[in-house]
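This report covers strand pairing, domain division and chain contacts, in that order. The structure comes before the text.

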Amino acid sequence: MDLIWEGLRKALELLVGLDPEVLGITLLSLKVSGLATLISVVLGLGLAVAVALNEFPGKRLVIALMNTGMGLPPVVVGLFVTILLWRNGPLGFLGILYTPAAIILAQAVIATPIIAGLGLAALQHLPPELRLQILSLGATRRQLVWLLLREARLPLLAAVMAGFGGVISEVGASIMVGGNLKGSTRVLTTATVMESSRGNFEVAFALSFILLVLAFSVNALLTHLQQSRRPR
Amino acid sequence: MSAPLLEVRELTVHRGRTPVLDIPSLRVGQGEVLALIGPNGAGKSTLLLTLAALLKPTAGTLMFHGEVLDSEAKRQAFRRRVTMVFQDPLLFDTTVRENIASGLRLHGVAAEERQQRVEATAAQFGIAGLLDRSARHLSGGEAQRTALARAFALRPELLLLDEPFSALDPPTRGGLLEDLGRILADTGTSALLATHDQAEASRLANRLAVMRGGRILQAGALQQVMNHPEDPFVAAFVGMETLLQCTVSAAVEGVLTLALAGHELIAVGEANVGDPILVGIRPEHVTLSLQTDKTSSARNQLPGTVTKVIPWGPFHRVELDCGFDLSTWVTPQSLAELALAPGRPVVAAFKATAVHVVRKGPQGG
């Protein structure tokens with residue numbers, strides 16, 4: 001128990017004291033996972049809408065693949081992205097391995113299927129005739145998509161939260177493609193792993209605590225968005 | 001002659017390889033309210049979805065004001081002038097006000113006019129007091145009124161209604177039917193109503209089409225179809241409960257004498273002596289008394305015996321054996337006065353004009 005209190009005290013000290021290194025790590029985590037989530041929202045929701053609104057052969061297979069993708073192990077993603085970005089790899093010319101961009105790429109690969117899979121379920125849960133009703137009110141294709149997304153906003157924001165939660169908390173991919181380089185690619189999770197492996201438990205606790213507060217704040221904001229503007 | 005509002009030609013819809021709709025021709029005129037009646041699975045909803053340009057037919061043309069809707073752009077423009085209301089209200093998760101405004105927003109109607117139209121339409125449908133309520137907390141009737149107001153706010157030239165009352169309880173349904181009938185008449189809006197209830201059809205429509213198995217069996221003016229069904233299925237569906245296969249024994253100046261199981265019926269119509277003929281009698285055209293009335297205008301007066309008395313809403317349905325089966329409706333008052341019960345001998349009376357010729361020729365098909 002002492003260790004936990006010590007960790008909390010240390011966390012407050014690092015936060016209140018605005019420790020530049022910890023602040024940098026925290027902001028990088030937020031930036032990297034936030035951007036990765038944003039990319040995944042665009043790609044994932046785009047995919048969910050495309051699959052939900054169209055009939056095509058092999059649709060069930062695509063849905064099964066999307067659902068499988070929701071459980072992609074971060075270390076597997078890390079390995080594949082590393083190979084892709086390796087100097088001799090197909091995307092090696094980008095030269096982004098061991099940079100924050102590589103982590104964003106890997107995290108987007110992890111979050112996209114989560115948002116796509118949950119987003120598709122959210123859209124498919126709407127009454128099938130709603131689509132016809134919206135079209136019959138004179139909606140264009142674009143207006144139709146917008147209204148369907150708005151109608152499914154509660155489960156869709158839950159999908160976004162799940163996507164963000166998946167990437168802010170993963171460590172495998174970040175450490176493999178980022179390398180946990182101090183001042184460059186060190187994020188909260190990789191720093192926590194490093195500190196605890198060095199035996200600096202109170203710092204590791206402090207970082208974990210900051211991670212929890214960060215995850216809570218982002219989700220609280222999304223929950224506020226989700227629950228507001230709903231008439232009673 | 002100007003083109004009808006909506007017209008379809010040689011329309012077919014297949015689901016997979018199974019044909020589900022086959023409509024050689026159908027027209028809806030300006031200001032007309034056409035009811036499509038038929039059992040579940042007759043293709044009423046499929047026809048409405050096709051007419052709403054929400055379902056692409058396998059083949060056939062859809063014409064609006066005489067113009068063929070042959071491109072997606074034209075179909076999209078058409079959907080801004082023709083609106084469908086479904087059995088389920090399908091409201092958006094927002095206020096009643098925003099729901100009614102939603103179609104107007106899609107059409108890009110300016111805020112001021114939008115607000116004015118929302119309030120006017122809500123008043124028409126008696127939901128002005130609910131505007132700021134959440135659509136999630138409405139009763140079935142209020143929700144369907146909101147859905148209808150959302151459609152009417154768009155001032156559609158044609159309204160397609162797919163069984164919009166079938167999920168409502170009878171008093172709610174009655175009130176809404178009355179309001180909708182009045183609003184359709186006031187605004188002169190043309191409408192197509194799919195229903196499996198002939199009473200609903202007769203309250204709103206001036207034309208009737210009876211569907212079965214993806215085809216229209218008979219279409220025409222409401223009274224024409226109700227009283228002169230052309231086949232036994234249509235007859236049964238429009239409430240002509242008694243169907244009798246007879247033989248023409250005499251035909252003099254449009255008055256037919258028909259032979260049936262040792263009895264004679266007098267009917268109005270043209271036929272040749274000796275021909276087989278199928279006639280129908282609506283139960284509401286049959287009256288009961290205890291003895292033959294020579295002064296009555298009812299030329300058919302047949303003695304019979306009550307076989308069954310079934311309470312049926314505000315009336316009782318009485319089934320008789322007159323040598324053939326005949327049914328009628330009576331009020332609880334008449335039931336008591338005539339002491340109707342199984343085994344009671346009565347006289348069934350109906351006019352010659354109440355015996356409708358359904359089909360000439362032998363029974364079958």
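## Strand pairing in chain B

B:Thr247 lies opposite B:Pro276 of strand 14 of chain B. Strand 11 (residues 242–252) and strand 14 (residues 276–281) of chain B run antiparallel and are joined by six bridges. Strands (E, at least two residues) and helices (H or I, at least four) are DSSP runs, numbered from the N terminus. Two strands pair if DSSP finds at least two bridges between them.

The order 13-12-11-14-20 describes an open sheet of five strands in chain B, with antiparallel pairing. Strand 13 (263–268) and strand 20 (355–360) of chain B are at the edges with a single partner strand each, so one side of each has no neighbour in the sheet.

## Basis of the model

The model is predicted: local features need pLDDT of at least 70 and side-chain atom pairs count only at pLDDT 80 or more, while totals for chains, interfaces and linings use all residues. Residues are numbered from 1 along each chain as its sequence is written, and chains are lettered from A and ligands numbered from 1 in the order in which they are written.

## Domains of chain B

Chain B is divided into domain 1 (6–236) and domain 2 (240–360); the bounds come from an automatic or database domain assignment. Their centres, taken over C-alpha atoms, are 38 Å apart.

Eight residues of domain 1 of chain B are in contact with seven residues of domain 2 of chain B (C-beta atoms, placed from the backbone, within 7 Å). Helix 9 (residues 232–237) of chain B provides the largest share of the domain 1 side, three residues.

## Contact with chain A

In chain B, 21 residues are in contact with 15 residues of chain A. Helix 3 of chain B gives the most to the side of chain B that touches chain A, with three residues.

Terms used:
Contact = placed C-beta atoms within 7 Å.
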